[in-house]
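Thanks for making time this morning. I would like to walk you through one model, helix by helix, and please keep the picture open while I talk.

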Amino acid sequence: MTVALTEDLLAFDREHLWHPYTSMTEPTPVRLVTGARGGELEVDGRWVVDGMASWWSAIHGYRHPVLDAAIAEQAARFSHVMFGGLTHEPAVAVGRRLVEITPEPLERVFLADSGSVAVEVALKMVLQYQRGCGRTDHPSGRTRMLTVLGGYHGDTFHPMSVTDPDGGMHAMWRGVLPGQVFGPRPPAYDASPASIAEWADALRDLAARHAHELAGIVVEPLLQGAGGMWPYPPACLRILREVADEHGLLLVFDEIATGFGRTGHLFASELVTPDVLCLGKALTGGYLTLAAVLTTDRVARGISGSEAGVVMHGPTFMGNPLACAVASASIDLLLASDWPARVGAIGTHLAAGLAPLRSLPGVRDVRTIGAVGVVQLDHPVDVVAATDAALAAGVWLRPFRDLVYAMPPYVAGAGELDRLVAGIGAAVRAG
């Protein structure tokens, strides 16, 4: 690509295209991607390690021949057909795979457009279930959700309402969003039994005080993602399950970020089974947007008992055949690989490589879980300076708030991980 064409593309982008969480009038710099292969991106004409896996979705890396073939083969048949009143083999196949690999009671599948939409659908399911069961012991019925501080569930309105109201990027919508009930953030992953018990007592008390107006509980299990990259103990999941059962609430696990092996478990739901499970991101290996909401037969029957009798949602591109075909291929590819060893190796490499950064000025914490490595600073990251420093070290990172972190593709080898660690170190020093 010529210099003139590159400059023209970037100039038009700067003047006309919005990017996520970026000002239109004072945009931060963007880099031009002209290629991708394995765990690398060609950025501004230079091959760099992708530490983000395209926001945690491209677990198999880029241009994987199996996934490329799945897209091409389905496109040769048909690329899309409405899902209202029609079905097709790719949708049936991915639904079957999801039912097979998730906990047994989760056997009803809704195919959504994106992660945020999946959470929207899940919350609708919870509310309709309570209506279908006739639980209207509060003047407005059971219409509120219990969640915890530090969570992040998406950018559409109901997902924003269960996202941390102060640290979750959506504080400006306070008073417009539905008012939800927020409990304390779960303790750190290595918390003592006493700390876990203290958190549990506070959560139980909050749930008891609001039980008459609550419909469900929604959390990201084991790892809170964009709310702070915060891992927490599995024991907290069992406590959430007990609280939900005690008060007749549905438990929703948002595994859009954590699903498909990222935490070292195929799904955190293997540890504690929710009533509703949201999946996305890595579902298609990063090829196309697709999400899924799984629930139990009991919940499905409760929803059918509501006045609508159906889940009140139906996206135009629901069950898109291309997305479903590549999702099935991605799931098969993951399960056929020794993904636990790969995730474990990445985690070990990140833990060892990032540990020395604890001693740097301005570093508040270093933490890892599965194939996730996080360096938390004691100040907001200078995103431009940190990104430039990482790129100079041969790594693409996207820091935010006070965090420099990585969630690389599972195909990242030792050499790429060495570069990744060096890039994180460079970003931390610059940011």
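This is a predicted model: local features need pLDDT of at least 70, side-chain atom pairs count only at pLDDT 80 or more; totals for chains, interfaces and linings use all residues.

**Helix packing in the model**

Let me begin with helix α4, where the buried residues are Pro-90, Ala-91, Ala-93, Val-94, Gly-95, Leu-98 and Ile-101, and by buried I mean under 20% relative accessible area, with exposed being over 50% and partly exposed lying in between, using a 1.4 Å probe and protein chains only. Residues are numbered from 1 along each chain as its sequence is written, and side-chain values use heavy atoms, with hydrogens and water left out.

The helix and strand names are DSSP runs numbered from the N terminus, helices being H or I of at least four residues and strands being E of at least two. The cover over the buried residues of α4 includes α3, β4 (106-112), β11 (276-279), β12 (291-296) and α10, where contact means heavy atoms within 4.5 Å. As for length, α4 runs over residues 89-101, and its 13 residues should span 18 Å at 1.5 Å a residue, which agrees with the 18 Å between its end C-alpha atoms; the expected span is 1.5 Å times one less than the number of residues.

The axes of α3 (residues 65-77) and α10 (residues 321-336) come within 9 Å and cross at roughly 150°, which makes α3 roughly antiparallel to α10. Axes here are lines fitted to C-alpha atoms, for helices over the stretch in contact, with angles from 0 to 180 degrees between N-to-C directions; under 35 degrees counts as roughly parallel, over 145 as roughly antiparallel, 65 to 115 as roughly perpendicular and the rest as oblique. On the α3 side, Val-66, Leu-67, Ala-70, Ile-71, Gln-74 and Ala-75 meet Pro-321, Leu-322, Ala-325, Val-326, Ala-329, Ser-330 and Leu-333 of α10. These contact residues divide into 11 nonpolar, two polar and no charged, where Ala, Val, Leu, Ile, Met, Phe, Trp, Tyr, Cys and Pro count as nonpolar, Asp, Glu, Lys and Arg as charged, and the others, Gly among them, as polar.

So where does Ser-328 lie, and what does it touch? Ser-328 is in helix α10, it is buried with a relative accessible area of 6%, and, leaving aside residues up to four places away in sequence, it touches Pro-90, Ala-93, Val-94 and Arg-97.

Moving on, α5 (residues 115-132) and α9 (residues 297-304) pack at an angle of about 65°, with their axes 7 Å apart, and they are therefore roughly perpendicular to each other. Met-125, Gln-128, Tyr-129 and Gly-132 of α5 make this contact with Arg-298, Val-299, Gly-302 and Ile-303 of α9, and the residues divide into four nonpolar, three polar and one charged.

A further pair is α11 (residues 339-354) and α13 (residues 414-430), whose axes come within 10 Å and cross at roughly 35°. From α11 the contact uses Ile-346, His-349, Leu-350, Gly-353 and Leu-354, and from α13 it uses Ala-414, Leu-417, Asp-418, Leu-420, Val-421 and Ile-424; by class, that is eight nonpolar, two polar and one charged.

Next, helix α8 (residues 235-247) has 13 residues and reaches 19 Å from its first C-alpha to its last, close to the 18 Å expected. Its buried residues, among them Cys-236, Leu-237, Arg-241 and His-247, pack against α7 (193-210), β7 (214-219) and β10 (250-254). After α8 comes Gly-248, with a positive phi near 70°.

That brings me to backbone angles: most residues other than glycine have a negative phi. Trp-56, although not a glycine, has a positive phi of about 75°; Trp-56 sits in helix α2 (residues 53-56) and is buried, at 8% relative accessible area. Lys-281 also has a positive phi, of about 45°, but Lys-281 lies in the loop between β11 and β12 and is partly exposed at 30%.
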